[in-house]
Amino acid sequence: MDTTSFTKKTPGGEANEPALTPPPVEATQTAFTKKPKLAGGKSKKRDIPEGLWTKCPTCEAMIFDKELDENLKVCPKCGHHFPIGARERIHSLVETCTFEEMDAGMTSVDVLRFKGVSTYKSKLEQYQKNTTLKDAVVTGLGKIGPHRLALGVMDFSFLGGSMGSVVGEKLTRLIERATEKEMPAVIISSSGGARMYEGMFSLMQMAKTSAALAYHAQHRLPYISVLTHPTTAGVMASYASLGDLILAEPGAMIGFAGPRVIKDTTQAELPPDFQTAEFLLNHGLIDAILPRKEMKTRLIEYLNFLTAGKKTAATS
Ligand SMILES: [Zn+2]
């Protein structure tokens, strides 16, 4: 009997002793000393998985963040493509030290003095701080394999990749530079459409970028458009759908109006994979689907083909 009571006491150790003594003062003291310890331990346990693991929305696997980064933000289990930042993507495509960024400091002006739930100015400041980007696109000249080209990459994390004056102007300048230097142009899109904070000024970018691309095409220079999740509305209705080749990442949502609007307007039942890259490939809008890890090699292959026999500054 004695031995069993001893063994029962030892695991509890100190905690058993105050429990035997009823005075309230000591009891509260022990409670105070216990509580912070427990709370600290719990929050630590919660913090670790949140910061280090990401749950895949498709296969629900828990992926180690470092593994996800090394895999270009693609789920290693099922191939789900997570969003990737503009700079990270450029880094994954362009040869080391060949990227010369253009118009890096260009920022939007609040022409309309837009005031909604918050002002446009405060939104811009907030996103510039959070993303360390000046706007939703990064543009510049660089080299992919043997090809010198003009590359524009949109970033959905900056105000939903919306196209305002800066996105339009940066891309137009990029395309114009490509025309001038006789280079192919590649634009990787990811956007919710025109930026409502700039009203008409954002819609004008559709015409401006399209005109610059028409001029680029007149010089018989190739333009490749890559659509990533999601590419919609004003961006899809302008430069994103004007590629000599239109490529997309697997599972990307691509369209103009949202499916709910189309369903309400047409009063028709929409197919389950409506507005996905796969659906649009089957219906001829997209030329190919490129898994992110094959993006670079496939782009080189396409550029080899598109620039074959053409003496341009693109290959050197
Ligand atoms: Zn997955």
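Guide: Two rings, taken from Phe, Tyr or the six-membered ring of Trp, form an aromatic pair if their centres lie within 6.5 Å; a pair is stacked if the planes are under 30 degrees apart, edge-to-face if they are over 60 degrees apart, and tilted otherwise. The model is a predicted one, in which local features need pLDDT of at least 70 and side-chain atom pairs count only at pLDDT 80 or more, while totals for chains, interfaces and linings use all residues. Residues are numbered from 1 along each chain as its sequence is written, and side-chain values use heavy atoms, with hydrogens and water left out.

Across the whole structure, five aromatic pairs are found. One of them joins Tyr120 and Tyr197, which are stacked with 5.0 Å from centre to centre and 5° between their planes. To place these residues one needs the elements of the chain: helices (H or I, at least four residues) and strands (E, at least two) are DSSP runs, numbered from the N terminus. Tyr120 belongs to helix H6 (residues 120-131), whereas Tyr197 sits in the loop between strand E6 (185-191) and helix H8 (199-218), so their pairing ties together parts that are 77 residues apart in sequence. Both Tyr120 and Tyr197 are buried, a word that means under 20% relative accessible area, with exposed meaning over 50% and partly exposed in between (1.4 Å probe, protein chains only).

Tyr127 and Phe158 make another pair, this one tilted, with 5.9 Å between centres and 55° between planes. Here too distant parts of the chain are linked, since Tyr127 is in helix H6 and Phe158 in the loop between strand E5 (147-154) and helix H7 (165-180), 31 residues apart. Phe158 counts as buried because its relative accessibility is 0%. Ring pairs also join Phe114 to Tyr120 and Tyr197, giving a cluster.

Let us now turn to charged side chains. Side chains of opposite charge can pair when their charged atoms come close. A salt bridge requires a side-chain nitrogen of Lys or Arg within 4 Å of a carboxyl oxygen of Asp or Glu, and by this rule there are 13 salt bridges. In one of them, Glu249 meets Arg89, with 2.9 Å between the closest N and O atoms. Glu249 is in the loop between strand E8 (245-248) and helix H10 (259-266) and Arg89 is in helix H5 (residues 86-93), so this bridge ties together parts that are 160 residues apart in sequence. Glu249 is buried, because its relative accessible area is 2%; Arg89 counts as buried at 5%.

A further bridge joins Arg173 and Asp103 at 2.9 Å, N to O. Arg173 lies in helix H7 and Asp103 in the loop between E3 and H6, distant parts of the chain that are 70 residues apart. Arg173 has 36% relative accessibility and therefore counts as partly exposed, and Asp103, at 23%, counts as partly exposed as well. These two residues take part in a network of salt bridges that links Asp103, Glu169, Arg173 and Lys208.

The interior is described through nonpolar cores. Such a core is a set of buried Ala, Val, Leu, Ile, Met, Phe, Trp, Tyr and Cys residues joined through side-chain atoms within 4.5 Å. The largest has 61 residues, and Ile224, Tyr239 and Ile254 have the most contacts inside it. A contact means heavy atoms within 4.5 Å. Leaving aside residues up to four places away in sequence, Ile254 touches Leu227, Thr231, Met236, Ala248, Gln275, Ala277, Leu280 and Ile286.

Patches consist of residues with over 30% relative accessible area and no salt bridge; like charges are joined within 9 Å and nonpolar side chains (Val, Leu, Ile, Met, Phe, Trp, Tyr) within 5 Å. Val109, Val111, Leu112, Met200, Phe201, Leu203 and Met204 form a nonpolar patch with about 660 Å² of accessible area together, areas being computed by the Shrake-Rupley method with a 1.4 Å probe and, for residues, with only the protein chains shown as cover. Met200, a residue of helix H8, counts as exposed because its relative accessibility is 57%.

The protein chain exposes about 17,700 Å², of which carbon and sulfur atoms supply 59%.
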